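Subject: Handover of a structure

Dear colleague,

Please find below the structure that I am handing over to you. I would ask you to keep it open while you read the notes that follow it.

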There are 2 protein chains.
Amino acid sequence: MAESAKAQETSVRILDAAEILFVEHGFDGTSMRLITQSAAVNIAAVNYYFGSKDGLYRAVFERRTEPFAKLTIANIDALEREKTAPGAEDIVDAFIKSALQLGSDPALGGLTFVKLLARAYVEPHPILKESMPRRYGEVVRRYAAALQKALPHLSETEVHWRFHFLTSAMFSAFAGNNVLRLFMEQPKTNARDPMQVSRMLMPFLVAGLTAPAAN
Amino acid sequence: MAESAKAQETSVRILDAAEILFVEHGFDGTSMRLITQSAAVNIAAVNYYFGSKDGLYRAVFERRTEPFAKLTIANIDALEREKTAPGAEDIVDAFIKSALQLGSDPALGGLTFVKLLARAYVEPHPILKESMPRRYGEVVRRYAAALQKALPHLSETEVHWRFHFLTSAMFSAFAGNNVLRLFMEQPKTNARDPMQVSRMLMPFLVAGLTAPAAN
DNA sequence: TTCACATTCAAACGTATGTTTGAAACTATA
DNA sequence: TATAGTTTCAAACATACGTTTGAATGTGAA
């Protein structure tokens, strides 16, 4: 057992560097040498602390996963404590607020982790297929259940679909993976301020959720 | 000049195999050997026909880009020919119809190309940064302009944001990159039928677009 | 059939990858 | 200061990567 300050510093530097590089270049596009150079540590340090590149990937997520889950659950808890029958707007607000808190707090991972999550949707790694649902399953269930109560005119299936749309739009917007940037030279939506993003998001998502059922 | 049937067959087999593999494993995660084995061609064939792996990536997109752009433009043209003042619902319908046509027509790339586009949002390759906006800029401008007319109560910026949300949700849904799948063991939204997806999408997107302005 | 060209192929190219090694340097306890 | 355990380091490991080569094969026109 060491846990010396210096040892922690090394493994944390690796995690910080890897988190950023995985966002920028993806898992396969990020080499061990790039990570260790960026973190200013010897290349063997990754295997020493995390066993393998896969192990590092897992560790990068595990560091952020629990705090973010706790945050979102705390927000829905607080909402349901304050209001007996929260509406769709309240629930969206609690959900967006969670992402906003995460994005603005570097201690939780900040925007980097939001982007990493957004990338993980599309670029799945076997390592995440089991660990993420285990921890975030509860989060989804809680918000989906609250939405179902607030939107009794919708079937369970339709509520899940709308929650899916909501999550896609929200993470994509916060992560700055501007879909339009791929299609336009100078998109008008390049504001990076998360508060501005959430201000634009709210009316869109609330209206979308509360819309009449399909058909 | 050869353009023999066999030569075409080889380069097309490579394109078909690469398109699928790039969706599954991304650009960096897909090796030349995997592509050529999957296409049942010699490994040197990729460099012979496309110059390099980058050249192949470009070719995979170039084959699909133009037909899809033509399709979406044709749909907005038809709409504006039929209706003098199309509403948000009409415009969303035309946009979704384009993705639906693309997704259901293997000759246009089918769902595979939809997924490839969805992946390209998050995993940008320098090669796409210039070619995509050049061809899709017009598409975005046309739909954004039509939406602006239909939603005069919204600022230009807000229209662009909402179009961005719309596009994120739509592509994510069609591509089947189920965000909730990363978070739940058995999401209730695993229907893969694009028609069913668009039925769920429509009311959500139309309501979101027509919502009152922020603040 | 001949010939010029297009296409295929097995093999090798140099480089980059993730990982391992074993010794050196450091740290904390006695 | 001596010693045991932790951490760092340069170097090398085997393997995989994208690419190139040069000969073999196939193809269509003269």
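The notes below begin with the model itself and then turn to particular residues.

This is a predicted model, in which local features need pLDDT of at least 70, side-chain atom pairs count only at pLDDT 80 or more, and totals for chains, interfaces and linings use all residues. Residues are numbered from 1 along each chain as its sequence is written, chains are lettered from A and ligands numbered from 1 in the order in which they are written, and side-chain values use heavy atoms, with hydrogens and water left out.

Confidence

The pLDDT is the predictor's confidence in each residue, from 0 to 100. Chain A has a mean pLDDT of 90, and 89% of its residues reach 70 or more. Over residues 1–5 of chain A, however, pLDDT stays under 50, and the model has one contact beyond four places in sequence for them. A contact means heavy atoms within 4.5 Å.

A:Val46

A:Val46 belongs to helix α3 (residues 44–50) of chain A. Helices (H or I, at least four residues) are DSSP runs, numbered from the N terminus. The relative accessible area of A:Val46 is 0%, so this residue is buried; buried means under 20% relative accessible area, with a 1.4 Å probe and protein chains only, whereas exposed means over 50% and partly exposed lies in between. Leaving aside residues up to four places away in sequence, A:Val46 touches A:Ile14, A:Met32, A:Thr36, A:Gly51, A:Ser52 and A:Leu56. Its C-alpha atom is separated by 9.3 Å from that of A:Leu15, 31 residues apart along the chain.

Aromatic rings

Over all chains, the structure holds 29 aromatic pairs. Rings of Phe, Tyr and Trp (its six-membered ring) pair if their centres lie within 6.5 Å; planes under 30 degrees apart count as stacked, over 60 as edge-to-face and the rest as tilted. The ring centres of A:Phe68 and A:Tyr136 are 6.0 Å apart and their planes stand at 65°, so this pair is edge-to-face. A:Phe68 is in helix α4 (residues 53–82) of chain A and A:Tyr136 in helix α7 (residues 126–150) of chain A, 68 residues apart. Both A:Phe68 and A:Tyr136 are buried. B:Phe68 and B:Tyr136 also form an edge-to-face pair, at 6.0 Å centre to centre and 65° between the planes.

Ring pairs join A:Phe68 and A:Tyr136 into a cluster with A:Phe22, A:Phe27, A:Tyr57, A:Phe61 and A:Phe113. A:Lys53 lies over the face of A:Phe27, 4.5 Å from the ring centre. A charge sits over a ring if NZ of Lys or CZ of Arg is within 6 Å of the ring centre and within 35 degrees of the ring normal.

Yours sincerely

How values were computed: Helices (H or I, at least four residues) and strands (E, at least two) are DSSP runs, numbered from the N terminus.
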